[in-house]
Amino acid sequence: MNTQNTPVHIRLWHRDFWLMAIANLLLTMAVYVLIPVMPRWLMQTENLTMQETGMIMGAFGVGIFLFGCFTSYLVQRFRRNMACIWAILLMAALLGWLYYLDLQKSQFFDFPILLVQRMALGAAFGVAQMILSSTLIIDTCESFQRTEANHSASWFSRFALSLGPLTGIIVDRLAGFSMVLLVSIGCTIVATVFILLVHFPFRTPDENVRVVSLDRFFLPQGWPLTINLIIVTCIMGLLLSTTISELFFVMVMVGFFVALLAQRFVFRDAEIESEVITGLVMIGVAVLMMLTRQQTIVSFAAPMFIGFGLGIIGSRFLLFFIKLSRHCQRGTAQSTFFLAWEFGLALGIGMGYGLLEQQTKVALQVALCITVVSLLLYHFFTHGWYLRHKNR
């Protein structure tokens, strides 16, 4: 039986690791709080079309790739924690710029300006998150704990997918979009403070460091996993483009908790293919319920199934990337997982607005078709390919 488990070490959960994990949560929340409320601001306040809104929201997914090839150079050339902090501060500045644009209610801003802002925000977030997840977090733990550290820290950013939009919806309803932007900026500032509280000793840079490199950026040999994960998270992006209430994100969070428990107890010694298959089936059932049923129970069960499915799929795919990587490629594997996850979300959101024009029924139909494609792709190709190419 092909099983792969992540051991639990209590000693991993020391002060520095907690600070870095919470910084990871806050950094991710800083961009996720905008997902449910920014499109409405773009269309109602800035008078943009649905297609322009979709392009702006999707541009974030393009932006995360822009400076990734410089990540290794930045980590080697400068102190690794300061490189991350400067990227986060750039995020805060870009969010501050958006806050300024929102204050100028007497004038409209051109589509290209907002497109560049969103893409630049994605670029800054990409560099900050790749340095944080591929370097800083694992530097706070012992070498034998690094897989568990990656696995545990990723759950914090995963919970941000429910906490961020939930916070954005509540704050927007109570205080408006400007306050949502201030909350987002606040998340980046607190994340910066947490990183500053952790001491990272100086590390002598390697000789002949290349300015442009795939190191800590993208794992070429993991392309089947990358494509499959993009397809999976695109489903969630499509769902995020529809009108969603606070209850949806609360139940997604419940699904994440259930997935966390199931991974530890239900799937502990199960065939590894069963996790991804189960997750995709649960997502498919949830989308089918939302498409064909109107009962109150669907509002509770469907998002919980989606959270459960995304939770176990995300955890398993991250371990796949790590076990596929060669020596000294752990950080690159982590970054590749991050890129696939975020690009899929942005792609789905962009499609939901730009192509499907926020039509809930059509979005659900497309999401169901994509779920079936992802399930077939994983079962008949990706899983077998992974077993033949894994290195750990």
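Ala270 is partly exposed in this predicted model, because its relative accessible area of 22% falls between the 20% and 50% cut-offs. You'll find Ala270 in the loop between α10 (246-265) and α11. Compare its position with Val209: the two are 61 residues apart in sequence, and their C-alpha atoms sit 43 Å apart in space.

Helix α11 (residues 272-292) packs against helix α12 (residues 296-324) at an angle of about 155°, and their axes are 8 Å apart. The angle is over 145°, so α11 runs roughly antiparallel to α12. The crossing of α11 and α12 is left-handed. As for what lines the contact of α11 with α12, here's the split by residue class:

| Residue class in the α11–α12 contact | Residues |
|---|---|
| Nonpolar | 20 residues |
| Polar | three residues |
| Charged | two residues |

Now for α7 (residues 146-175). How does the span of its 30 residues agree with 1.5 Å a residue? On that basis α7 should span 44 Å, and its end C-alpha atoms are 41 Å apart, which agrees. Still, α7 has a kink of about 35° at Leu161, shortly before the proline Pro165. Of the 30 residues in α7, 22 are buried, so the rest of the structure largely encloses this helix.

Methods. Residues are numbered from 1 along each chain as its sequence is written. This is a predicted model: local features need pLDDT of at least 70, side-chain atom pairs count only at pLDDT 80 or more; totals for chains, interfaces and linings use all residues. Side-chain values use heavy atoms; hydrogens and water are left out. Axes are lines fitted to C-alpha atoms, for helices over the stretch in contact, and angles run from 0 to 180 degrees between N-to-C directions. Helices (H or I, at least four residues) and strands (E, at least two) are DSSP runs, numbered from the N terminus. Angles under 35 degrees count as roughly parallel, over 145 as roughly antiparallel, 65 to 115 as roughly perpendicular and the rest as oblique. A crossing is left-handed if the near helix is turned anticlockwise from the far one by less than a right angle, and right-handed if clockwise. Ala, Val, Leu, Ile, Met, Phe, Trp, Tyr, Cys and Pro count as nonpolar, Asp, Glu, Lys and Arg as charged, and the others, Gly among them, as polar. The expected span of a helix is 1.5 Å times one less than its number of residues. The bend at a residue is the angle between axes fitted to the seven residues ending there and the seven starting there. Buried means under 20% relative accessible area, exposed over 50%, partly exposed in between (1.4 Å probe, protein chains only).
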